[in-house]
Amino acid sequence: MQKTTSNTKTASINVRLYPELKAEAESVFGYHGLSLPDAITVFLNHACHVGGFPFELKGARWSDPDSLSALTECKQMEANPNAYKRFSTTEELFADLDSDDDEE
């Protein structure tokens, strides 16, 4: 669990939920002996521990071919970042684009 610098909890979060979602979540976490605030605290502690969501996020299913292509390219860039050009400034980017136009 994340170490705290104070023994007193003073921060709060207000969240608007559908009543059905709140009731179902209370039932799920209550089964494990946790209140909803306790469950949220566990979630936030774990998210901080892993540096992000403590589970895999899956996006909407994209049907737009351009969006699918961009997502695929993004994943390829993440997998092999050295295979792609990087620029420190927009001037470097435009200079490279201009030089590509001259080569065609």
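Phe 55 has a relative accessible area of 44% and is therefore partly exposed in this predicted model. Phe 43 falls in the partly exposed class as well, because its relative accessible area is 30%. The rings of Phe 43 and Phe 55 form a tilted aromatic pair, with 6.1 Å from centre to centre and 35° between the planes. This pair links distant parts of the chain, since Phe 43 belongs to helix H2 and Phe 55 to the loop between H2 and H3, twelve residues apart.

A search of the whole structure gives three aromatic pairs. Another of them joins Phe 43 to Phe 53, again tilted, at 6.4 Å centre to centre and 55° between the planes. Phe 43 lies in helix H2 and Phe 53 in the loop between H2 and helix H3 (65–79), so this pair ties together parts of the chain ten residues apart in sequence. Phe 43, Phe 53 and Phe 55 make up one aromatic cluster.

Over the protein the average pLDDT is 85, and 85% of the residues score at least 70. Where pLDDT is low, the predicted coordinates should not be read in detail.

Of the 104 residues, 7% count as buried. The accessible surface comes to about 9,900 Å², and carbon and sulfur atoms account for 55% of that area.

One of the buried residues is Asp 96, which is classed that way because its relative accessibility is 17%, under the 20% cut-off. Asp 96 is located in helix H4. Its side chain makes a polar contact with the side chain of Lys 85, at 3.0 Å. When neighbours within four places in sequence are left aside, Asp 96 is in contact with Lys 85 and Phe 87.

Cys 48 counts as exposed because its relative accessibility is 52%. Cys 74, at 41% relative accessibility, is therefore partly exposed. With a disulfide taken as a pair of cysteine sulfur atoms within 2.5 Å, the count in this model is zero.

Terms used: Residues numbered from 1 in each chain as written. Predicted model: local features only at pLDDT ≥ 70, side-chain atom pairs only at ≥ 80, totals over all residues. Heavy atoms only, no water. pLDDT = per-residue confidence, 0-100. Buried < 20%, exposed > 50% of the residue type's maximum accessible area, 1.4 Å probe, protein only. Areas by Shrake-Rupley, 256 points an atom, 1.4 Å probe, with all protein chains shown as cover. Helix = DSSP H or I, 4+ residues; strand = E, 2+ residues; numbered from the N terminus. Polar contact = N/O pair within 3.5 Å; in protein donor to acceptor, adjacent residues only side chain to side chain. Contact = heavy atoms within 4.5 Å. Phe/Tyr/Trp six-rings, centres within 6.5 Å; stacked < 30°, edge-to-face > 60°.
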